[in-house]
Amino acid sequence: MCRVITISSQKGGVGKTATCINLGIGLARAGKKVLLVETDAQGNLAASLGIDEPDELEITLANLMEKVINDEEIEPGEGILHHEEGVDFIPANIELAGVETDLIHVMSREMVLHQYLDKVKKQYEYILIDTMPSLGMLTINALVAADSVLIPVEAAYLPVKGLQQLVKTIGKVRKKLNPRLNILGILLTKVDRRTNFARDISMQIRETYGDQVRIFKNCIPLSIRAAETTAEGKSIYRYDPKGIVAEGYLSLTEEVLHDEK
């Protein structure tokens, strides 16, 4: 069985890409076969995994989705790259923005990514989908393709406001397009443990959503060292293995793996 987890948030800068990479590599370090899929035309996941110029890549998710739309054959392994820390990944670049526009005119447009992932699922135990900070057609595709959604939320006021809209959208997708979709949990990120404000926001999220949605036990602390990993093309486990952020992502990985038991 392959678990497909979409990592989604309406707010940018909350750590979606970092969570996708570090959870994915954490699962790979635990012996799991993992595929990361980028659905954001900015190419941040590709850049964070060491691709210097994502826009110069010949094959990306855009090409694969176009082949699904046009009923063209996709070769085994086509467009899938491998990272030295044990995960496979499908990058994205600016071409994906054009695909999102084209999807408006496609029959069953919400199902294109799901159709593609169905072709590669049997090779993996986990597929993690990194999304853009919006609820456009590509994000809807990512929700329709998923079994569950992991929601990173920064411990600040505005991201908490956006959380309400995302939870509503997930409910609509479950009702109309993907009845198996559930919320895996809310992950608090960039938590400054030194401030009362961050603690108050964290408590507010737990009080508001804790009865309906799982809140992961461990948060991801605020750390300058973690922000630097983007430029290094490696995970937090390689860049700062003894730091508080590596510890946070290790705990998250253990919680996700615990769901298998």
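Trainee: Which are the buried residues of α6?

Mentor: Good place to start, and bear in mind that this is a predicted model. Helix α6 covers residues 137-145, and nine of its nine residues are buried, so the helix is largely enclosed by the rest of the structure. The buried residues are Met-137, Leu-138, Thr-139, Ile-140, Asn-141, Ala-142, Leu-143, Val-144 and Ala-145.

Trainee: Which residue does Asp-147 meet in a salt bridge?

Mentor: Look at the loop between α6 and β6, where Asp-147 sits. Its partner lies in the loop between α7 and β7 (182-189), 33 residues apart from Asp-147 in the chain. The side chains meet at 3.0 Å, N to O, and the residue you want is Arg-180.

Trainee: Is Ser-148 buried or exposed?

Mentor: Ser-148 lies in strand β6 (residues 148-154). Beyond its neighbours within four places in sequence, Ser-148 is in contact with Val-4, Ile-5, Thr-6, Leu-181, Asn-182 and Leu-184. The cut-off for the buried class is under 20% relative accessible area. Ser-148 has 5% relative accessibility, so the word for this residue is buried.

Trainee: How many residues apart are Lys-33 and Asp-88, and what ties them together?

Mentor: The tie is a salt bridge between their side chains, at 3.6 Å from N to O. Lys-33 belongs to the loop between α1 and β2, while Asp-88 is in strand β4 (residues 88-90). Lys-33 is partly exposed at 38%, whereas Asp-88 is buried at 10%. The pair therefore ties together parts whose distance in sequence is 55 residues.

Trainee: What is the distance between the closest N and O atoms of Glu-125 and Lys-32?

Mentor: Glu-125 is in the loop between α5 (112-120) and β5 (126-130), and Lys-32 is in the loop between α1 (16-29) and β2 (34-38). Glu-125 counts as partly exposed, at 31% relative accessibility. The two form a salt bridge with a closest N and O distance of 3.7 Å.

Trainee: Which residues gather in the patch of positive charge on the surface?

Mentor: One member lies in helix α7 (residues 157-176), namely Lys-176. With a relative accessible area of 70%, Lys-176 is exposed. The patch is made up of Lys-168, Lys-172, Lys-175 and Lys-176.

Notes
Residues numbered from 1 in each chain as written. Predicted model: local features only at pLDDT ≥ 70, side-chain atom pairs only at ≥ 80, totals over all residues. Heavy atoms only, no water. Helix = DSSP H or I, 4+ residues; strand = E, 2+ residues; numbered from the N terminus. Buried < 20%, exposed > 50% of the residue type's maximum accessible area, 1.4 Å probe, protein only. Contact = heavy atoms within 4.5 Å. Patch = residues over 30% accessible without salt bridge, like charges linked within 9 Å, V, L, I, M, F, W, Y side chains within 5 Å. Areas by Shrake-Rupley, 256 points an atom, 1.4 Å probe, with all protein chains shown as cover. Salt bridge = Lys/Arg side-chain N within 4 Å of Asp/Glu carboxyl O. Lys, Arg positive; Asp, Glu negative; His and termini not counted. Charge placed at Lys NZ, Arg CZ, Asp CG, Glu CD.
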